[in-house]
Amino acid sequence: LLLSDVSSPMPYLKMNFKFWKFSYTNIWMWGTDVRAPAVINEEHARKYVAAHYLSINITNRLNIGFFETALSKGDNGFDIGFLNPLIFYRSVEFGRGEGAGNAMIGLTTKYKLTDNIMLYSQLIIDEFSLGKISDLGYWGNKFGMQLGVKYFNAFNIKNLFLQTELNSVRPYTFSHEDPILNYGNYSQPLGHAWGANFWEAIGIASYKFDRWTASSKIILGKKGFDDSGTVTSYGGDIYKSYEDRLKNNNNEIAQGNTATIFIADFQGRYLINPSNNLSLFAGLTFRKFSAKTETSTFKSETSTWFTVGVKVDLFNWYLDF
């Protein structure tokens, strides 16, 4: 849907079409806003999301994808126009009227540089003003970008995998005038766990030898947090209305109460029984949260977790958000 896999699972219906070098996916999802202001007659507010994704293999090495999403409130119902697999959602939104929904478009690319190196990128546009294209600090220029590289069998070492990725999302992206129409579900962002108003750099390495597997992940980033005691939005909390924004111009990524986030995660595993993935595992996670300005509810902290155990991955379902 957006920068990463959906971080807050939603019920969905999905249709896939494949023809020659084209792959087309149509998804309909529905979610819930569980905030107290969104409760009406003791019922949580419902929202609907429709998404189109078109993937085209330009060559054997280059793939380009286009996607669009539209979100509408439950009290408006699910417009039958969203079931049309070919129509542009923006035309449906225009017909429903301003404020009836929240639409977004995006572009993805993948390029196979060599047999074991793949480059990938993604651009999502929540809103963009052509008249303000020279002023990226304008609040309405809401977009996010992703750049990454995957290296398989790195340095000719079998089963050594390396990956690096950079994510960046501008303030007020994924938010809306009406918070119910944001890209969130059950108080969790749908696009990225950090919401908006951040940049993030990730490094991943994994190696498998016989029955042993070792992996590591390093994350470093900065995010601008909002003051929970006020309605003013600095662009990081997607559950605040962008109508209560701090300013119209000169908005910068990580504005607000800026925090530096560092996470290091190391995992080791020994496979005992391949038939049911019975394994011994151990892990060490270190997290450092450094706030620029500390308050009684917003403090710098350092945490360390150590885990050890036995597990059986019958289905091996794992999503790295």
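Ring pairs tie Y138, W139, Y172 and Y242 together as a cluster; rings of Phe, Tyr and Trp (its six-membered ring) pair if their centres lie within 6.5 Å. Please keep in mind that this is a predicted model, where local features need pLDDT of at least 70, side-chain atom pairs count only at pLDDT 80 or more, and totals for chains, interfaces and linings use all residues. Residues are numbered from 1 along each chain as its sequence is written, and side-chain values use heavy atoms, with hydrogens and water left out.

**Aromatic rings and charges**

- Twelve aromatic pairs turn up in a search of the whole structure.
- W212 and Y270 form a tilted pair, 4.7 Å centre to centre with 50° between the planes; planes under 30 degrees apart count as stacked, over 60 as edge-to-face and the rest as tilted.
- This pair links distant parts of the chain, since W212 is in strand β12 (residues 212-225) and Y270 in strand β13 (residues 257-273), 58 residues apart. Strands here are DSSP runs of E with at least two residues, numbered from the N terminus.
- W212 counts as exposed because its relative accessibility is 52%, while Y270 is partly exposed at 29%. The cut-offs are under 20% relative accessible area for buried, over 50% for exposed and in between for partly exposed (1.4 Å probe, protein chains only).
- W139, a member of the ring cluster, also has the charged end of R245 over its ring, 3.9 Å from the centre. A charge sits over a ring if NZ of Lys or CZ of Arg is within 6 Å of the ring centre and within 35 degrees of the ring normal.
- The charged end of K223 sits over the ring of F225, at 5.2 Å from the ring centre.

**Strand pairing**

- Strands β5 (residues 101-114) and β6 (residues 117-127) run antiparallel and are joined by nine bridges; two strands pair if DSSP finds at least two bridges between them.
- A hairpin of two residues connects β5 to β6, and Y111 has L119 in β6 as its bridge partner.
- On to strand β7 (residues 142-151): ten bridges join it to β6 in antiparallel fashion, with S121 opposite L147.
- β8 and β11 are antiparallel too, with ten bridges, and N167 is partnered by E200 in β11.
- Twelve bridges join β11 to β12, again antiparallel, and S206 stands opposite S215 in β12.
- In the hairpin of β11 and β12, with two residues between the strands, D210 has a positive phi near 55°.

**Nonpolar core**

- The largest nonpolar core has 25 residues, and F174, Y183 and F289 have the most contacts inside it. Such a core is a set of buried Ala, Val, Leu, Ile, Met, Phe, Trp, Tyr and Cys residues joined through side-chain atoms within 4.5 Å.
- The elements giving two or more residues to this core are β4 (62-73), β11 (198-209), β13 and β14 (278-291).

**Two buried residues**

- H176 lies in the loop between β8 (160-169) and β9 (184-185) and is buried, with a relative accessible area of 7%.
- Residues touched by H176 include G101, N102, K240 and Y242, not counting residues up to four places away in sequence; contact means heavy atoms within 4.5 Å.
- S303, in strand β15 (residues 301-312), counts as buried because its relative accessibility is 17%.
- S303 touches T285, F286 and R287, leaving aside residues up to four places away in sequence.

Methods. Helix = DSSP H or I, 4+ residues; strand = E, 2+ residues; numbered from the N terminus.
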